[in-house]
Amino acid sequence: MTDALSVGEESNVVLIGCHTFTELTELPAVADNLSGLKDALLDPKVWGVPEDRIHVLAQPTNGDDVIDVVLNAASHASDTLVVYYAGHGLIDPSTGELYLALADSRMRDILVQRALRFEELRRVILTSGAQKKAVLIDCCYSGRALPETMGAGIVSPLDNAMIEGTCVTTATSATAQALAPAGEKFTAFTGALIRTLTQGVPGAGALLDMERLYHAVNAQLLSQCRPLPQQMNRNTAGRICIARNRAHRASAPSPPPREQPRPPRRPQVSTGVEPSQVRIFSTTGQITGSGVLVAPDALCTCAHVVTNALGLPVDAHTVPDRPVQLDFPLLPDRPTAVARVESWRPDDDVALLRLDHTVEGSMPAPLVDGPNVWGDTFRALGFPQHFDGGVWVSGKLRGHTGSGWLQAETSSNSHRVREGFSGSPVWDDALGGVVGMLVAADRTEGTAFVLRSADLVDLDTWVQPHPFPGLAPFTEDDATVFHGRDADADRVREAVRRQPLTLVTGPSGCGKTSLVRAGVLAGLRAEGVCVAAWSPSVGRAPLHGLALELTHSLEPELEESEQRARAEELARELESDSRARDALRARLEGCDTHPRLVLFIDGLEHYAAAQPAEAKQLFTLLLSMSVPEAVTGLRIVATARLDALDLLTSPDTEHRVRHAVQPLGPLTTEALMQAITAPLKTVPGVEFEPGLPERIIADVGDEPGRTALVAYVLAELWKWRSASMVLHTAYDALNAAPGALVALADAQLGHLDDGQSALARRLFLQLAQPGDGDTFVRRTVRAGDVTPEVMEVARTLAFGRLVVVSHTRDRSGVVTTVDLAHEALIRLCPPVRQWLVESREFRRWQEALRAEINRWESRDRASDSLLRGGGLAAADSYVDTNRELTTAKERDFITLSRRAQRRLRHVLAVAGAATVVSVVAAFLSQIL
């Protein structure tokens, strides 16, 4: 649900930015940030806030001046206060606090000078009487502005106010640098924000709240492989709306009009609330209310039921830390359990509790949500005084009230809802699931009020990790939602236990890093194995980084300064292969039968491409550390493409490397289905609308890049889910899986510079060939058939999942090929389609030429199979105008044809001359 558009006349906006500095690096894009963002917010088609309500502070030099302007804006805003800053983010060396750089700011070894402390700005924002507050920070390390990262972890009432009433959006995480791309008008974050405001979000509603703005900006930056933004909001803060959706009417045609989507009606054989209903007791054994199981080990109830059970004040805002006693009264033997509060929302009267163990026979309730439930029959079980076994009530649901609750009317022959029904799940017979939870009642009128299921579970804070991370690799923290690779994970994990070196290989986009991190390392760590993951950085000494990671993993108890000293010592030891083995053996002694430490080298293939000499030195060291007799307690795992391994491997190590390889292929259809459906089993009350997973799999077909495409689509669908379902209508809004890929391709291709765009055009022209009529069909390209520059762009596009780079072995070694991620790019992506149509005539000729070359080669390169006459003239013409699109092999064939034609002309000329001489001689002999 999105709030109404903020009232511009009752809101204030403060835009703060510094682009030139006396001692810091200039940021020219910040000046455009301020003007571009101001223009967007002034636009009536976006927000239309009055100009006198926008206060621009460009190049402030004094923090007090900034505070005064923000304080004045805060005190005169009753609806919404928006505060934006762009510039340099500075971190105090002593306290770690975030400072916002001003024009004269200076960074010293021990402190920050002449800058605005973000904590001071935050306090001023909190003084505002505005109902809604939105803070946007575009600077390095801006994630430190989020409430969770402020201070030393001590949460004050002021912090809670920030969390509950304000939406904070930052350009980066707390440890990442922001980006001002060279040649671009805006900084990366603000540019994406302005584009979203001015262009809108296709498929979204008429208004864009802060949460949807964040997701749209995040998707843009993710597709460009740029620093990702962060957002912190709680309850309704993400619904703050300062923008209309410019793409609302211009979005792609929607399916034929139909009633508002509601989850399909379930068979009446459903089990109902019986396996999910809980009964909650006070410390003295009195029943204080009910609850409903929303996950195998989690339940939802009213916050006041918990406070009554624990004897706390009903308005307690501090999260209760004592356990709550409960049982399952409708299961055989009424099993008991203990639960603790994990999510506390007293203002909404909602509490989410985690059970100490799962209860046999229990089952999470299917949470359903429908916009039109008027007239649906319901039933609920409560435990009023003198009815410890429970009393059923029934009746009909009405509409939503102004508070957002559902109104329910009990039947005249039914019991009334009264004290003891709080927290009871309300079963909707038509929808076949729990539509909400009873929170209040009018005892005399038979009227009760239901908190909708959509508001029971705050998925963005409760569900961690999110089930669909998108194109980002899975991490160890995502192990519970990583599915489809169980057999591969078991195979690689067993290889790690068995051998000192394991190399996971496979085509781009197949999920090598995800498999190792979420499927292998997470399992090994659960077995008690120490895990160290390290990515070699371009431009840095690899041995020092490796030594630091090893020291941190092996001796975590040391202070940071001690770890650095030990790492320096180990780095010196690692410089000599002979001493490296002894050094690590000493640190890992006493581990003879299983690994004590698993070292994961992530990004080895990228490092090999950037710094081949240093990568080969590092790989040689890893091989020396991983021989069986070297260090018994160490195992090394790395991901790498086969072509990278060929660069790093020498003839004397080829056998060991080949033995260490664990290949990873594409997901099978069955495994892909598991990867789609299994993650939602970890999410309370959310499921796919029937038939949607099958539809997604049918749409992606057997395309090479289907795994990555499905991951991207699922992440987009998760953003636009309903309260209880991932719906077909959301998938339609994406124009199905192929349409989602096209949107991703448009974004990525649109951000290539002119040189990269020209190379991308050359690549895509070779990845498709003309078919019948105006159609095109995909084709696979060998790396040797394109220039190194085109292959470099291919690898960039493979990182963005538009193409797939694969590696196979044949008799000649490793063969690298490039293929389209999905044939939809040929049919639906405007720039690709335009490139192909413009070059159709040339590509028809080129494919015919390749057929001629194949025929020539099959005939042992016979000269009579070369080009001649008009065919050769056409070839010369095409090569002159499209030389960059032809391969060296094709040009060589044309050159041979040209030489053969010249030789033929010479022979014919000589033969012609000889014929003339003989004729003349014969004539002379006759007349003489």
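A cavity here is a set of grid points where a 1.4 Å probe fits but cannot get out. I kept that in mind while going through this predicted model.

**Cavities.** I searched the whole structure and found three cavities of 30 Å³ or more. I listed its lining: L15, L37, L41, V82, L136, L193, L197, M210, L213 and I242. Helix 1 (29-42), helix 5 (188-199) and helix 6 (210-223) each give two or more residues to that lining. By class I counted 10 nonpolar, no polar and no charged residues.

I then took the second largest cavity, at about 50 Å³. Its lining includes T169, F189, Y214, V217 and Q231. Helix 6 gives the most to this lining, with four residues. Helix 5 supplies at least two. The classes are seven nonpolar, two polar and no charged.

**Cores.** Next I looked up the largest nonpolar core, which has 78 residues. L717, L749, F764 and L797 touch the most other members. I followed L797: beyond its neighbours within four places in sequence, L797 contacts L749, A760, L763, F764, L802 and V803. Apart from this core lies another, of 76 residues, with V49, V135, M232 and C241 among them.

**Strands.** I finished on strand 18 (residues 336-345). Strand 17 (residues 324-327) pairs with strand 18 in the antiparallel sense over four bridges. There, V324 has A339 as its bridge partner. Strand 18 also pairs with strand 19 (residues 350-355), antiparallel, over six bridges. I noted S343 bridged to L352. Strands 18 and 19 form a hairpin with four residues between them. In the turn, D349 has a positive phi of about 60°.

Notes: Residues are numbered from 1 along each chain as its sequence is written. This is a predicted model: local features need pLDDT of at least 70, side-chain atom pairs count only at pLDDT 80 or more; totals for chains, interfaces and linings use all residues. Side-chain values use heavy atoms; hydrogens and water are left out. A nonpolar core is a set of buried Ala, Val, Leu, Ile, Met, Phe, Trp, Tyr and Cys residues joined through side-chain atoms within 4.5 Å. Buried means under 20% relative accessible area, exposed over 50%, partly exposed in between (1.4 Å probe, protein chains only). Contact means heavy atoms within 4.5 Å. Two strands pair if DSSP finds at least two bridges between them. On a 1 Å grid over the protein atoms alone, a cavity is a set of points where a 1.4 Å probe fits but cannot get out, and a pocket is an open set with protein on both sides within 12 Å along at least five of seven lines; lining residues have an atom within 4 Å of a point. Grid points are joined across faces, edges and corners, and a volume is the space filled by probe spheres set on the points. Ala, Val, Leu, Ile, Met, Phe, Trp, Tyr, Cys and Pro count as nonpolar, Asp, Glu, Lys and Arg as charged, and the others, Gly among them, as polar.
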